[in-house]
Amino acid sequence: MVVIERKLIREIPVLELARQEIKGEPLPFIIFVHGFTSAKEHNLHYAYLLAEKGFRVVLPDTLFHGERSEGLSGSDLNFKLWDIVLNTIAELNIIRNVYEDRDLIDQGRIGLVGTSMGGIVTLGALTQYEWVKTAVSLMGMPYYEKFAQLQLDELKKNNIKVPLTNEELADLLRILRERDLSLQPEKLGGRPLMFWHGKKDPVVPYSYTYQFYETIQSLYSDSPETLLFISDEQAGHKVSREGLLETVKWFEEHL
């Protein structure tokens, strides 16, 4: 039986799933990051299937989401996107350290996965943490600086004032560059990485993600089976059941 527990890791509300008979043991560990305007509960179907396979799965609420919601309007939340992404990357390390300290992770076997914004977080985290051993990006993309610049251009085009000074904006772009996997793909270090993306995605451009995949294929020439891109011809911004099942299979095989 899979047990779902609500916990507070420091100030971060999480759901933790594991099989009841092994939940007190060190287990291979997966953090699942939800998408923009979503919440931890919305990905329980992934976590349940992974927990059935013997993983411990932790789903956190990101800043301004779920139990941490502050009732921000859509536009106000949009302006917070990169704050949320950067904060979540930092909080991944907090979560990992707590579970390591409690001896609940099996020998550093740690995976990371996320949908949409969570996929963006996942790819950025790979530039920061060598402890992520395998990762799955569902509708994410790694081009932090380029994506942020596109957003800024869109705001200017629509005569919407950017709520940042020029200095703050320069600082933000500098920090984003440090976490932009497209600028430092060597940091992948051959770690197993899977992408899933719908070709009709109107939110996170499919072309960006696939372009990145093409640029890193040469880095996996010695072990091509550890890099996978699944395209869905019909999907928009929603992961198919195939994407769900392939995610579970990926962690089974590579974690």
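**Entry 1: S116.** I started with S116, which is buried at a relative accessible area of 9%. My cut-offs: buried means under 20% relative accessible area, exposed over 50%, and partly exposed in between, with a 1.4 Å probe and protein chains only. Before going on, I note that this is a predicted model, where local features need pLDDT of at least 70 and side-chain atom pairs count only at pLDDT 80 or more, while totals for chains, interfaces and linings use all residues. Residues are numbered from 1 along each chain as its sequence is written, and side-chain values use heavy atoms, with hydrogens and water left out.

I find S116 in the loop between strand 5 and helix 4 (117-125). Helices (H or I, at least four residues) and strands (E, at least two) are DSSP runs, numbered from the N terminus.

Which side chain does the side chain of S116 make a polar contact with? I get H237, at 2.8 Å. A polar contact here is a pair of N or O atoms within 3.5 Å; within protein, one must be able to donate a hydrogen and the other to accept it, and residues adjacent in sequence count only if both atoms are side-chain atoms. Setting aside neighbours within four places in sequence, I list G35, L138, M139, G140, V204 and H237 as the contacts of S116. Contact means heavy atoms within 4.5 Å.

**Entry 2: H197.** Next I looked up H197, which sits in strand 7. Buried or exposed? H197 is buried, with a relative accessible area of 0%. Beyond four places in sequence, H197 touches M139, G140, V204, P205, Y206, T209, F229, I230, S231 and D232. I also checked a C-alpha pair: H197 and V239 are 42 residues apart along the chain, and 7.6 Å separates their C-alpha atoms.

Entry 3: I traced eight strands in an open sheet, ordered 1-2-4-3-5-6-7-8, with mixed pairing. Two strands pair if DSSP finds at least two bridges between them. Strand 1 (2-9) and strand 8 are the edge strands, each pairing on one side only. From one strand to the next, I get an average twist of 15°.

Then I went through some pairs:
- Strand 5 and strand 6 pair in the parallel sense over five bridges, and L112 stands opposite A135 of strand 6.
- Strand 6 and strand 7 are also parallel, over four bridges; V136 has M194 of strand 7 as its bridge partner.
- Strand 7 and strand 8 run parallel and are joined by six bridges, and H197 has S231 of strand 8 as its bridge partner.

How many residues of strand 6 (134-138) are buried? I count five of its five. Both faces are covered, with T134, V136 and L138 on one side and A135 and S137 on the other.

**Entry 4: helices on the sheet.** Helix 3 packs on the sheet, touching strands 1, 2 (12-19), 3 (27-33), 4 (56-60) and 5, and its direction makes about 150° with that of strand 5. Axes are lines fitted to C-alpha atoms, for helices over the stretch in contact, and angles run from 0 to 180 degrees between N-to-C directions.

Helix 7 lies across strand 7 and strand 8, at about 155° to strand 8. I note Y206, Y208, T209, F212, Y213 and I216 as the buried residues of helix 7 (206-216). These pack against helix 5, strand 7 (193-198) and strand 8 (227-232).

**Entry 5: helix 3 against helix 5.** I get an angle of about 160° between helix 3 (81-101) and helix 5 (144-157), with their axes 12 Å apart. That makes helix 3 roughly antiparallel to helix 5; angles under 35 degrees count as roughly parallel, over 145 as roughly antiparallel, 65 to 115 as roughly perpendicular and the rest as oblique. Helix 3 brings L81, W82, V85 and I89 to the contact, and helix 5 brings Y144, F147, A148 and Q151. By class I see seven nonpolar, one polar and no charged residues. Ala, Val, Leu, Ile, Met, Phe, Trp, Tyr, Cys and Pro count as nonpolar, Asp, Glu, Lys and Arg as charged, and the others, Gly among them, as polar.

**Entry 6: phi check.** Most residues other than glycine have a negative phi. D103, not a glycine, has a positive phi of about 55°. I place D103 in the loop between helix 3 and strand 5 (105-115), and at 51% relative accessibility D103 counts as exposed. Q107 also has a positive phi, about 45°. Q107 lies in strand 5 and counts as exposed at 74% relative accessibility.
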